[in-house]
Amino acid sequence: MTNSILCAVDISNGDDDINIIKKAAQLAALDGAQLDVIAVVPDFGMSQVGAFFSKDHHEKVVSEAKDHLNALVSQALDPAQNEKVRHVVATGR
């Protein structure tokens, strides 16, 4: 039995990951598991690229990513399912 399902999506792919979210929700429902849908954004503050972006750029990107992720999951799942899903935006590679 699984306690949680982690579903990674690329929000830059538009609606391409809707079917993946639906399948992950089905798998989570089979085991009564928590569904976590995650999107990862790059760290714009990294030393190699940080000088090219404003200081608040990363926060803006994370905020926009959250909006896109929420909209994507809302498109894929009905409101009752979506209410149980954790929407996660992480920073990294």
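Val41 has Thr91 in β3 as its bridge partner. The model is a predicted one, in which local features need pLDDT of at least 70 and side-chain atom pairs count only at pLDDT 80 or more, whereas totals for chains, interfaces and linings use all residues. Residues are numbered from 1 along each chain as its sequence is written, and side-chain values use heavy atoms, with hydrogens and water left out.

**Sheet**

- Three strands form an open sheet in the order β1-β2-β3 with parallel pairing, where strands are DSSP runs of E with at least two residues, helices are runs of H or I with at least four, and both are numbered from the N terminus.
- The edge strands, each pairing on one side only, are β1 (4–8) and β3 (86–91), and the twist from one strand to the next averages 30°.
- Strand β2 (residues 34–41) pairs with β3 over 6 bridges in the parallel sense, and β1 pairs with β2 in the parallel sense over 5 bridges; two strands count as paired if DSSP finds at least two bridges between them.
- Ile5 has Leu35 in β2 as its bridge partner, and the chain crosses from β1 through α1 to β2 in a right-handed β-α-β crossover, meaning that the path from the first strand over the helix to the second runs clockwise with the strands pointing away from the viewer.

**Helices on the sheet**

- Helix α1 (residues 18–31) lies across β1 and β2 and runs at about 175° to β1, while helix α2 (residues 57–76) lies across β2 and β3 at about 150° to β3; these angles run from 0 to 180 degrees between N-to-C directions, with axes fitted to C-alpha atoms, for helices over the stretch in contact.
- On β1, the covered face holds Ile5 and Cys7, and the uncovered one holds Ser4, Leu6 and Ala8.

**Asn82**

- Asn82 is placed in helix α3 (residues 79–84), and it counts as buried because its relative accessibility is 15%, buried being under 20% relative accessible area, exposed over 50% and partly exposed in between, with a 1.4 Å probe and protein chains only.
- Leaving aside neighbours within four places in sequence, Asn82 is in contact (heavy atoms within 4.5 Å) with Val73, Ser74, Leu77 and His87.
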